[in-house]
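Have the picture open while you read.

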Amino acid sequence: MGGVADANFTLVQLRYFVTAAELGSMTAASRELMVAQSAISAAIAQVERELGVQLLIRHHARGLSLTRAGERFLVEAREFLAHAAALAQSARGLAGSLTGELAVGCLTTLAPFYLSRLLREFAGRYPGVRVSVAEGELSAMEAALLDGRCEVALVYAIDLALDLDIRPLTQARPYALLPLGHPLAEAEAVSLADLATEPMILLDLPRSRDYFRAIYPTEPRVRFRTSSYETARALVAGGHGYSILNQRADSDHTYDGGRVACVPISDDVPALDVVLASVRGVRPTARAVAFAETCQAFFSGRRPGQASGG
């Protein structure tokens with residue numbers, strides 16, 4: 001995209017392009033922005049002329065799609081608009097009362113344990129910031145960060161993309177989850193050898209499954225697989241096997257009325273690092289910095305292992 005440094009377009013035109021690209025429609029962007037569709041179309045055409053590339057493909061009666069150049073430019077435009085808003089806010093002397101929007105990602109297995117309280121604490125500190133949340137498995141959170149849909153994401157540090165920076169927050173040590181009446185349910189600790197002959201309920205999520213298998217000296221006897229933390233707990237409570245998890249619920253009751261016991265593992269097994277991830281080389285907005293500091297304070301006040309699924 002040669003000549004971008006000399007391109008002459010406005011923040012308003014960029015905002016029109018981002019909105020139309022995200023909604024996939026000039027008509028939808030017109031409704032969203034409450035601006036005439038012709039004005040949005042003209043603004044985007046101006047941006048394309050200045051850049052010398054086509055950003056959007058106009059499909060008759062089928063909306064819009066991004067070209068490859070448009071996909072790259074959308075990420076850059078989102079970042080540029082975010083920093084422009086932060087600059088304007090700083091110029092108005094509002095640094096102590098942040099406003100605007102912040103897109104946050106959260107790993108599915110971490111969200112039930114931390115997300116609500118983190119959002120409540122952040123809202124208490126910065127009530128003017130509107131937070132949107134995307135939830136998913138690890139690869140989905142990486143993609144959301146790298147394509148600009150999220151600015152920060154709460155994830156486990158399991159083989160993360162090299163393009164991401166991380167801020168360590170806490171560690172989640174694995175433990176054995178057993179049915180309440182199991183002979184080892186009241187033990188001070190169990191070894192993996194104690195469980196080697198027993199059926200296992202595997203929390204089967206991408207990368208998580210590799211982590212759980214890696215802590216075993218031999219292949220575990222997997223009886224059931226599930227992508228749901230609560231389903232794993234229910235299967236254990238029902239006597240179908242044991243499980244290894246990292247996050248620990250406050251209650252030993254399961255959704256179906258069963259009960260489980262959490263027993264520490266005596267083996268030297270690795271903990272999972274809980275981190276706040278962001279894209280390397282991208283300057284964070286003031287809102288993202290504030291959220292990161294809130295996360296740091298939140299987890300610093302938590303005892304190791306407290307409220308600590310895979």
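Which residue of β5 is the bridge partner of Gly105?

## Two parallel strands

It's Ala153. Strands β3 (residues 100-107) and β5 (residues 152-156) run parallel and are joined by three bridges. Strands here are DSSP runs of E with at least two residues, helices are runs of H or I with at least four, and both are numbered from the N terminus.

A quick note on the model: it is predicted, so local features need pLDDT of at least 70 and side-chain atom pairs 80 or more, while totals for chains, interfaces and linings use all residues. Residues count from 1 along each chain as its sequence is written, and side-chain values use heavy atoms, without hydrogens and water.

## The sheet

β3 and β5 belong to an open, mixed sheet of five strands, ordered β4-β3-β5-β12-β6. Strands pair if DSSP finds at least two bridges between them. At the edges sit β4 (129-136) and β6 (164-172), each pairing on one side only.

## Helices on the sheet

Helix α5 packs on this sheet and touches β3, β4 and β5, contact meaning heavy atoms within 4.5 Å. The direction of α5 makes about 170 degrees with that of β4. Angles run from 0 to 180 degrees between N-to-C directions, with axes fitted to C-alpha atoms, for helices over the stretch in contact.

## Helix meets helix

The axes of α5 (residues 111-125) and α10 (residues 286-300) come within 10 Å and cross at roughly 120 degrees. The two are therefore oblique to each other: under 35 degrees would be roughly parallel, over 145 roughly antiparallel, 65 to 115 roughly perpendicular, and the rest is oblique. Among the contact residues are Tyr114 of α5 and Phe291 of α10.
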